[in-house]
Amino acid sequence: DKGAYPFYMLKEIDEQPVVIRQLISRYLPKDGQPQIGEGIVKDMLAADRIYIVAAGTSYHAGLVGARLFERWAGIPTEVHVSSEFAYEQPLLSEKPFFIFLSQSGETADSREVLQNINAQGFKSLTLTNVEKSTLWREATYALPLLAGPEIAVASTKAYVAQVTLQAILAYALADREALNLDLEQELSKIAIAIQGIIDDKEQLQEVAEEMLVPAHHAFYIGRGVDSAVVLEAALKLKEISYVQTEGFAAGELKHGTLALIEEDTPVIAVMTQPRLAGLVRGNLAETQARGAKTYTIVTQAIAKPEDDFVLPDINELLTPLVSVVPAQLLAYYTSLGRGLDVDHPRNLAKSVTVQ
Ligand code: F6R
């Protein structure tokens with residue numbers, strides 16, 4: 001029941017701080033020590049490479065997860081789109097371990113891969129929002145995302161749950177002393193930060209109406225982990241507003257796509273990584289010089305007086321959990337401002353059970 005909310009999507013965006021708290025109490029219950037099951041930890045630590053397989057928004061969550069597994073746990077990790085992996089399996093390492101990310105647990109493309117890798121005798125873990133779903137049942141292990149039912153076609157809280165749970169997994173595999181991070185505390189801080197963004201959402205509605213509702217096309221740019229977030233930001237905006245949007249690694253723009261920037265083309269930069277901010281600012285200036293209307297989403301440490309939306313500082317690799325939220329809200333308000341059915345974009349289904 002969406003209660004007083006005009007659309008499920010807004011309700012589900014609002015639920016994100018609660019989802020993070022649920023994941024903390026289930027998976028980091030005692031003194032912040034991860035509880036995810038011995039078998040999973042043992043099998044993942046025995047692997048020489050992790051393969052994350054997913055589609056759409058879940059794939060985008062995997063792009064963030066891969067960085068967490070590599071940088072926190074030191075395990076090489078690849079992320080693959082399931083519809084490609086299914087029919088062009090890459091050369092695998094000697095001891096692969098597979099992670100399937102799926103809100104619904106029913107995505108046919110991902111199931112095809114799971115069946116293939118089961119036939120090859122490899123171990124797997126599904127992170128899904130739907131217990132007893134197909135991907136839940138057919139994997140070696142499964143863990144629930146605990147996001148509660150996600151009804152809007154555009155996925156929001158499942159993305160946040162997938163990134164959070166992958167962070168907890170990477171933390172469980174890491175040398176936690178060397179990592180020197182209190183994940184429970186950091187995630188609690190993030191839940192508060194997300195609430196702060198939600199409380200501040202009116203300014204995003206204004207920006208959406210001014211900059212994105214009238215647009216024909218738009219760009220999101222970012223580097224490092226932000227290059228993963230901008231893919232999700234762009235998907236969210238295009239799927240519910242029908243404004244054609246590309247998410248781009250900021251440095252890649254000049255290698256061709258810069259040609260598409262015209263007078264008033266919206267270009268939104270996500271900048272959360274201090275060591276990369278200067279470069280992204282340079283890329284953004286290149287679009288401004290061609291007439292782009294720009295908007296910046298930045299962390300406090302990077303913020304300059306001319307920046308538009310400022311996020312609190314949090315652990316570098318966990319910034320996607322907060323930086324995605326203004327993008328979700330921009331997408332929501334653009335769809336709303338265009339008078340569209342936010343929860344039911346044309347041509348799309350919530351659970352994609354065909355290949
Ligand atoms: C976008 C969206 C889709 C799904 C994709 C995978 O907002 O919801 O891109 O993320 O179809 O679905 P699941 O996660 O159920 O496997």
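**Close-up views of helix packing and the ligand site**

Helices α2 and α8 are roughly parallel to each other, because an angle under 35 degrees counts as roughly parallel (over 145 is roughly antiparallel, 65 to 115 roughly perpendicular, and the rest oblique). The model is predicted, so local features need pLDDT of at least 70 and side-chain atom pairs count only at pLDDT 80 or more, while totals for chains, interfaces and linings use all residues. Residues are numbered from 1 along each chain as its sequence is written, and side-chain values use heavy atoms, with hydrogens and water left out.

**View 1. Helix α2 against helix α8.** The axes of α2 (residues 16-27) and α8 (residues 157-173) come within 9 Å and cross at roughly 30°. Axes are lines fitted to C-alpha atoms, for helices over the stretch in contact, and angles run from 0 to 180 degrees between N-to-C directions. Helices (H or I, at least four residues) are DSSP runs numbered from the N terminus, as are strands (E, at least two). In contact (heavy atoms within 4.5 Å) are Gln16, Val19, Ile20, Leu23 and Tyr27 of α2 with Lys157, Val160, Ala161, Thr164, Leu165 and Ile168 of α8. These contact residues divide into eight nonpolar, two polar and one charged. Ala, Val, Leu, Ile, Met, Phe, Trp, Tyr, Cys and Pro count as nonpolar, Asp, Glu, Lys and Arg as charged, and the others, Gly among them, as polar.

**View 2. Helix α10 against helix α14.** The axes of α10 (residues 183-199) and α14 (residues 320-337) come within 9 Å and cross at roughly 20°. α10 is therefore roughly parallel to α14. Residues of α10 in this contact include Leu187 and Ile190, and those of α14 include Leu321 and Val322. The contact residues are eleven nonpolar, no polar and no charged.

**View 3. Helix α12 against helix α14.** The axes of α12 (residues 225-241) and α14 come within 9 Å, crossing at roughly 20°. α12 is thus roughly parallel to α14, and the crossing is right-handed.

**View 4. Surroundings of the ligand.** The ligand is surrounded by 15 residues (a heavy atom within 4 Å). The closest are Ser58, Ser102, Ser104, Thr107 and Glu239. An oxygen atom of the ligand lies 2.7 Å from a side-chain N or O atom of Ser104. For Lys236, a side-chain N or O atom is 2.8 Å from an oxygen atom of the ligand.

Definitions and conventions:
A polar contact is a pair of N or O atoms within 3.5 Å; within protein, one must be able to donate a hydrogen and the other to accept it, and residues adjacent in sequence count only if both atoms are side-chain atoms. A crossing is left-handed if the near helix is turned anticlockwise from the far one by less than a right angle, and right-handed if clockwise.
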